[in-house]
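Have the model open while you read.

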Amino acid sequence: MAKTKDRRPKTQAQLTTSKQPRSRIGYGFDSHEFRPGIPLKIGGISLQHDRGLGGHSDGDVLLHAITDALLGAIAGPDIGALFPPSDPKWKGADSVIFLQQALKRVREAGYSVGNIDASLILAAPKIGPHAMKIRARVAELLGISSDCVGLKAKTPEGLKLENAAIAHVVVLLEKIAARKNRAHRNR
Ligand SMILES: [Zn+2]
């Protein structure tokens, strides 16, 4: 049997001195329950609907999944650790704040966002008519163009999750210095 001795996690000092990868991938997942009588916000956009998403902050399931994908890509603490739902400060908070904080950490780590791809799973309302607006807003928040924001919406076929909204997001980060060097070499 192979020895596992050499597979111990690196110390913090080893981690900080190790060479940073040129790109990093991140993945985020979130779900919220629909509740009557509250506004619905998805991707930073207010949508007309008879129910909104309850729970943490303004319940923006898409921005939460993007925030977690950004934090995951730099192996940072997750959204729940940074903005605990138990802290009354975040009750009803605009989820744009969470995304901006995650983006700040991404930039401090030396990365910028390349592109993201998201899947929304919800029975209603239909996302199609609002997709362009949501993509534009998410792109604006991330400092990328709309054609770098993928957004698919699906209904929860066979999942019996008619009262939930779910978001899955993957994000690709690119090292800022690496990109500059590449541009320099291409001159
Ligand atoms: Zn959430």
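What follows covers two helices that pack together, one residue between them, and a further helix.

This is a predicted model, where local features need pLDDT of at least 70, side-chain atom pairs count only at pLDDT 80 or more, and totals for chains, interfaces and linings use all residues. Residues are numbered from 1 along each chain as its sequence is written. Helices (H or I, at least four residues) and strands (E, at least two) are DSSP runs, numbered from the N terminus.

**The H2–H4 pair**
- H2 and H4 pack at about 15 degrees with their axes 9 Å apart; axes are lines fitted to C-alpha atoms, for helices over the stretch in contact, and angles run from 0 to 180 degrees between N-to-C directions.
- That makes the two helices, H2 and H4, roughly parallel (angles under 35 degrees count as such).
- From H2, Leu-63, His-64, Ile-66, Thr-67, Leu-70 and Leu-71 meet a set in H4 that includes Val-96, Phe-98, Leu-99 and Ala-102; contact here is C-beta atoms, placed from the backbone, within 7 Å.

**H4 itself**
- Phe-98, Leu-99, Ala-102, Leu-103 and Val-106 are the buried ones listed for H4; buried takes 20 or more other C-beta atoms within 10 Å of a residue's own, exposed 12 or fewer, partly exposed in between, with C-beta atoms placed from the backbone.
- They cover an arc of only 130 degrees around the axis, so they share the same side of H4 (the arc is that of the directions from the helix axis to the C-beta atoms).
- Lys-104 and Glu-108 are exposed on the other side of H4.
- After H4 comes Gly-110, with a positive phi near 95 degrees.

**Phe-98 up close**
- Phe-98 counts as buried because it has 25 C-beta neighbours inside 10 Å.
- His-64 is 34 residues from Phe-98 in sequence, yet their C-alpha atoms are 7.6 Å apart.
- Setting aside neighbours within four places in sequence, Phe-98 touches Leu-63, His-64, Thr-67, Ile-79 and Phe-83.

**H5**
- The buried residues of H5 are Ile-134, Arg-135, Arg-137, Val-138 and Leu-142.
- They sit on the same side of H5, since their arc around the axis is only 165 degrees.
- Their cover includes helices H2 (61–73) and H4 (96–108), plus strands S5 (111–121) and S6 (149–154).

Definitions and conventions
Contact = placed C-beta atoms within 7 Å. Parallel < 35°, antiparallel > 145°, perpendicular 65-115°, else oblique.
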